[in-house]
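Hello,

I am passing a structure on to you, along with some notes from my first look through it. Please open it alongside this email and follow the residues as you read.

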Amino acid sequence: MASPVPAGAVRFKYTGTPCAVARVLFRSQRAYFASFSHAKKIVAAGRVWVRGVVGKGNTEVREGDEVAFVPSHEVVHVAGAAERWVHAGEAAELREVLAPYLSTAASVKKALEGKHVTVDGVAAGDARALIAPGAELAYESGTARRVVYFDELEVVYEAASWAVVVKPPGLFMDASAGSQEGGREGAKSKRSVKTLASVLPHNLQAAAAPDRLAVPAAVHRLDAPVGGLVAVAKTRAAARALAGAFAARDVAKTYTAIVAGRPDGADGEITADVDGKPAKTTYHTARVIQSLRFGHVSVLELHPHTGRFHQLRRHLAWALKTPIIGDKAYAPEHEAAVGSGMYLWASRLEVPDPGTGERRVFTSAPPAKYESFLRREERVSAAAASGEVTSDYVRRLIQAKAEDQQDPAPAPAKRKLDAEPAPAAKRARARADPLSAAHTGCPVLASWEFWTGYIAHAWDAFCRRVLVAFGTPSATVEPPP
């Protein structure tokens with residue numbers, strides 16, 4: 001099917017053996033395609049042209065053919081001068097501070113090895129070094145490769161120096177957040193990862209001030225599964241002012257969550273420590289409905305007064321015993337870990353304007369799936385109570401509920417608020433190397449049987465090597481008493 005190639009399409013001439021168009025794109029345009037499936041989606045969407053004709057899945061590309069495609073993001077090579085700014089907010093690792101400029105661990109490592117980053121006038125060498133508030137940083141960017149995705153965001157407010165946007169659930173704040181979340185698209189990924197930082201330039205106007213940031217930067221964080229309001233700075237002055245307001249707790253944040261269970265009271269306060277640090281969360285119960293699966297489902301308005309790591313999720317799951325629906329990290333054994341995403345939304349943000357100091361309030365309603373989930377739970381519960389069951393899904397729920405009442409499952413063990421969920425990679429390392437895993441807090445490693453078995457195995461391996469070295473046939477040697 002012939003159609004004009006858009007003016008903004010990327011064009012190239014193919015050199016190589018004949019191959020399907022999707023494979024050609026993935027092999028020769030890695031900067032634009034993070035996976036082969038990504039290239040196939042672009043082809044299926046009709047955004048690829050071969051010899052001036054829209055390509056299909058079975059279109060063959062031969063040597064010398066001109067190929068054009070409309071990418072989902074843009075790769076920009078920027079010749080930048082030195083970026084200088086003052087770190088505002090709480091102490092953070094250098095790699096996190098550099099995230100607006102260097103989105104991958106490889107780029108941070110390369111910049112540090114090239115002495116392109118200085119802290120208080122001294123060349124930095126450790127990506128994990130803590131940067132104190134007020135430290136002066138400089139980054140000689142040279143020619144940098146920056147990826148900008150064309151996804152549309154809801155922009156709630158935009159001024160010359162800052163803005164407020166709505167982050168969709170499932171989107172990392174930046175590439176460094178992936179490793180903190182335990183996601184596969186973490187800071188160690190060598191390919192382009194779609195993040196909020198890579199989507200912001202397409203949705204916000206560039207600042208005209210001399211102290212403008214190379215890339216608009218979020219001044220606070222939301223977990224990847226969480227959506228909602230995020231404040232973004234476009235200039236260094238706005239970044240310092242906003243980060244200072246968050247550090248001084250001069251902002252008010254409200255989250256809307258749907259949890260499994262019902263709190264004891266309509267209003268309450270949680271003051272359990274998180275990671276050994278004081279943490280405080282207040283909540284208001286806005287709505288409670290009957291649920292066949294969970295007994296009750298509650299809608300809570302949460303107000304965090306501190307900003308600890310996963311504070312709301314830990315407080316609700318372990319202190320209040322009402323895990324957030326869909327939170328697979330802190331309620332893995334609980335049936336609340338459903339597959340429709342986590343029901344936690346940053347719905348209100350009150351922050352001082354970095355230019356005038358005026359208090360501004362922004363709101364964002366949760367997605368329609370929140371109300372749909374509540375209506376479905378209410379409808380299923382009412383159908384089960386009345387006996388008018390017409391759905392196989394409801395019948396299975398009733399049967400599972402009856403089985404649980406006859407043979408209730410043991411209650412999950414209590415967990416401390418300073419115990420983080422072990423990522424899959426950490427558990428894999430523990431299986432592969434038990435000795436290095438001894439520091440992970442795995443309870444089996446503390447058992448006497450484990451250590452005696454481990455010592456016996458190590459002693460036997462050592463003796464086998466000695467006997468082989470001296471030419472003696474290997475044999476099992478008793479370990480020392």
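To begin with a term: a cavity is a set of grid points where a 1.4 Å probe fits but cannot get out, and its lining residues have an atom within 4 Å of a point. Please also keep in mind that this is a predicted model.

With that in hand, here is the cavity. The count comes to one cavity of 30 Å³ or more, and the volume of the largest cavity is about 30 Å³. Its lining is made up of His 220, Leu 222, Leu 229, Lys 253, Tyr 255, Ala 346, Arg 348 and Leu 349. Which element supplies the largest share of the lining? That is β21, with three residues.

Now for the chain as a whole. It has 12 helices and 22 strands. Of its 481 residues, 41% count as buried. Among contacts with a separation of 6 or more, 63% are between residues 24 or more positions apart.

In soluble globular proteins, nonpolar side chains tend to be buried together. In this model the largest nonpolar core has 33 residues, and Trp 162, Ile 258, Phe 294, Ile 325 and Phe 373 are those with the most contacts inside it. At least two residues of this core come from each of β14 (162–167), β15 (212–218), β16 (227–235), α7 (236–247), β17 (252–260), β20 (295–304), β21 (344–352) and α9 (368–386). The largest share, five residues, is supplied by α7. There is also a second, separate core of 29 residues, which includes Leu 153, Leu 171, Val 232 and Leu 320.

What does Ile 258 touch, leaving aside its neighbours within four places in sequence? Its contacts are Val 297, Ser 298, Val 299, Ile 324, Ile 325, Tyr 343, Tyr 370, Phe 373 and Leu 374.

On to the aromatic rings, where the structure holds nine aromatic pairs. One of them is Trp 162 with Phe 362, an edge-to-face pair at 5.9 Å centre to centre, with 75° between the planes. This pair links distant parts of the chain, since Trp 162 is in strand β14 and Phe 362 is in strand β22 (residues 359–363), 200 residues apart. Both Trp 162 and Phe 362 are buried. Ring pairs also join Tyr 157 to Trp 162 and Phe 362 in a cluster.

Another pair, Trp 459 and Phe 462, is tilted, with 6.0 Å centre to centre and 35° between the planes. These two residues both lie in helix α12 (residues 448–469), three residues apart, which is about one turn of the helix. Trp 459 counts as partly exposed because its relative accessibility is 29%, and Phe 462 is partly exposed at 47%.

The charged end of Arg 23 sits over the ring of Phe 36, 4.3 Å from its centre. Lys 369 has its charged end over the ring of Tyr 343, 4.7 Å from the ring centre.

Helix α8 (residues 311–319) deserves a look of its own. Why is α8 described as largely enclosed by the rest of the structure? Because eight of its nine residues are buried. Those buried residues are Gln 311, Leu 312, Arg 313, Arg 314, His 315, Leu 316, Ala 317 and Trp 318. Just after α8, Lys 321 takes a positive phi of about 60°.

Tyr 32 lies in the loop between α1 (21–28) and α2 (36–44). Is Tyr 32 buried or exposed? With a relative accessible area of 15%, Tyr 32 is buried, as the cut-off for buried is under 20%. Val 86, in strand β7 (residues 73–86), counts as partly exposed at 28% relative accessibility. Beyond its neighbours within four places in sequence, Val 86 is in contact with Gly 134, Ala 135, Glu 136 and Arg 240. Val 86 and Ala 135 are 49 residues apart in sequence, and their C-alpha atoms are 5.6 Å apart in space.

Definitions and conventions
Residues numbered from 1 in each chain as written. Predicted model: local features only at pLDDT ≥ 70, side-chain atom pairs only at ≥ 80, totals over all residues. Heavy atoms only, no water. Core = buried A, V, L, I, M, F, W, Y, C linked by side-chain atoms within 4.5 Å. Buried < 20%, exposed > 50% of the residue type's maximum accessible area, 1.4 Å probe, protein only. Helix = DSSP H or I, 4+ residues; strand = E, 2+ residues; numbered from the N terminus. Contact = heavy atoms within 4.5 Å. Phe/Tyr/Trp six-rings, centres within 6.5 Å; stacked < 30°, edge-to-face > 60°. Lys NZ or Arg CZ within 6 Å of the ring centre and 35° of its normal. 1 Å grid on protein atoms, 1.4 Å probe; cavity = no way out; pocket = protein on both sides within 12 Å on 5 of 7 lines; lining within 4 Å. Points joined across faces, edges and corners; volume = space filled by probe spheres on them.
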